Structures are given as C-alpha cells and as structure tokens.
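Biologist: Could we go through this structure together? I would like to begin with the strands and then turn to the side chains.

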Amino acid sequence: LHSFPLLDYYPHGVASMAFHHGLNILIVGSCPADGDSLAGVSGWRLLDEAPYWAPLPGQRLEKKPKTLFGSLKTLKRSTAYPNKELVLAMSISPGGSLLA
C-alpha cells in the first residue's frame with residue numbers, strides 16, 4: 001500500500017480519474033488553472049518501486065510549489081468553474097481500448 005500526492009502536480013485539483021487494469025495506467029482529468037479555459041487529461045504509469053507512479057512518456061508534468069494559502073484557495077474554487085471546460089467523469093471500455 002502506498003500514497004501519491006496528486007496535489008503536488010495538480011494544485012487546482014483533480015476532477016476525474018480512471019484506472020486501466022490491463023496496462024496499469026491511471027488517467028487523470030485535472031481542473032483548469034487560472035487563465036486557462038480548458039482542463040488537461042494526463043496519464044500515469046504504475047511502477048514496481050518508489051515513487052510508484054511516473055508520467056507517461058511525452059508529458060511535461062512538474063511538481064508545483066504549494067502553500068497553505070494556495071491549498072485553501074483551491075478548496076474555495078473547487079466547487080464552481082464558470083465558463084470553463086472540465087472532465088467530470090471518465091470510464092474505460094470493457095475491452096480496454098476506449099476512454100469515454
């Protein structure tokens with residue numbers, strides 16, 4: 001058992017997730033950042049050793065500095081994203097080839 005701090009990479013929060021059991025990939029739908037109208041979708045590969053998760057190749061995810069004030073601000077904004085596009089739910093098809 002382990003934990004992985006997604007807030008370090010998604011300071012504005014995570015709106016949805018889906019896990020592909022066959023490929024051991026976690027797909028994350030993030031909340032939009034200030035000034036962005038679109039949220040992002042990224043993938044993480046499960047590893048056998050710490051840190052246990054790694055971004056899929058070709059993605060540029062970086063740890064973001066976090067502060068207590070920033071976390072409180074995120075909690076305040078997490079309930080409403082007017083005029084923003086956001087992935088609220090994801091699922092993987094039974095065959096594992098489609099993401100909906």
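Modeller: The conversation below covers the sheet, the aromatic pairs and the backbone.

Biologist: Before that, what kind of model is this, and how are residues numbered?

Modeller: This is a predicted model, in which local features need pLDDT of at least 70, side-chain atom pairs count only at pLDDT 80 or more, and totals for chains, interfaces and linings use all residues. Residues are numbered from 1 along each chain as its sequence is written, and side-chain values use heavy atoms, with hydrogens and water left out.

Biologist: In what order do the strands of the sheet run?

Modeller: The order is β1-β2-β3-β4, in an open sheet of 4 strands with antiparallel pairing. Strands (E, at least two residues) and helices (H or I, at least four residues) are DSSP runs numbered from the N terminus, and two strands pair if DSSP finds at least two bridges between them.

Biologist: Which are the edge strands?

Modeller: They are β1 (14–20) and β4 (53–55), each of which pairs on one side only. From one strand to the next, the twist averages 30°; axes are lines fitted to C-alpha atoms, for helices over the stretch in contact, and angles run from 0 to 180 degrees between N-to-C directions.

Biologist: Over how many bridges do β1 and β2 pair?

Modeller: Strand β2 (residues 25–30) pairs with β1 over 6 bridges, in the antiparallel sense. Within this pairing, alanine 18 stands opposite isoleucine 27 in β2. In general, strands of a sheet pair through backbone hydrogen bonds.

Biologist: Now the side chains. How many aromatic pairs are there?

Modeller: A search of the whole structure finds 5 aromatic pairs. Rings of Phe, Tyr and Trp (its six-membered ring) pair if their centres lie within 6.5 Å; planes under 30 degrees apart count as stacked, over 60 as edge-to-face and the rest as tilted.

Biologist: Why is the pair of phenylalanine 4 and tyrosine 9 stacked?

Modeller: The planes of the two rings, phenylalanine 4 and tyrosine 9, lie at 15°, with centres 5.7 Å apart, so the pair is stacked. Tyrosine 9 is buried at a relative accessible area of 16%, whereas phenylalanine 4 is partly exposed at 22%. Buried means under 20% relative accessible area, exposed over 50%, and partly exposed in between (1.4 Å probe, protein chains only). Ring pairs link Phe4, Tyr9, Tyr10 and Trp44 into a cluster.

Biologist: And what about phenylalanine 19 and tryptophan 53?

Modeller: Their planes lie at 85° and their centres 6.3 Å apart, so phenylalanine 19 and tryptophan 53 form an edge-to-face pair. This pair links distant parts of the chain, 34 residues apart: phenylalanine 19 in strand β1 and tryptophan 53 in strand β4.

Biologist: Is tryptophan 53 buried or exposed?

Modeller: Tryptophan 53 is buried, with a relative accessible area of 13%, while phenylalanine 19 is partly exposed at 29%.

Biologist: Turning to the backbone, where is the cis peptide bond?

Modeller: It joins alanine 50 and proline 51, with omega about 15°. Proline 51 is in the loop between β3 (41–46) and β4. Most peptide bonds are trans, and most residues other than glycine have a negative phi.

Biologist: Which residues have a positive phi without being glycine?

Modeller: Among them are asparagine 24, with phi near 55°, and tyrosine 52, with phi of about 75°. Asparagine 24 is found in the loop between β1 and β2 and is partly exposed at 32% relative accessibility. Tyrosine 52 lies in the loop between β3 and β4.
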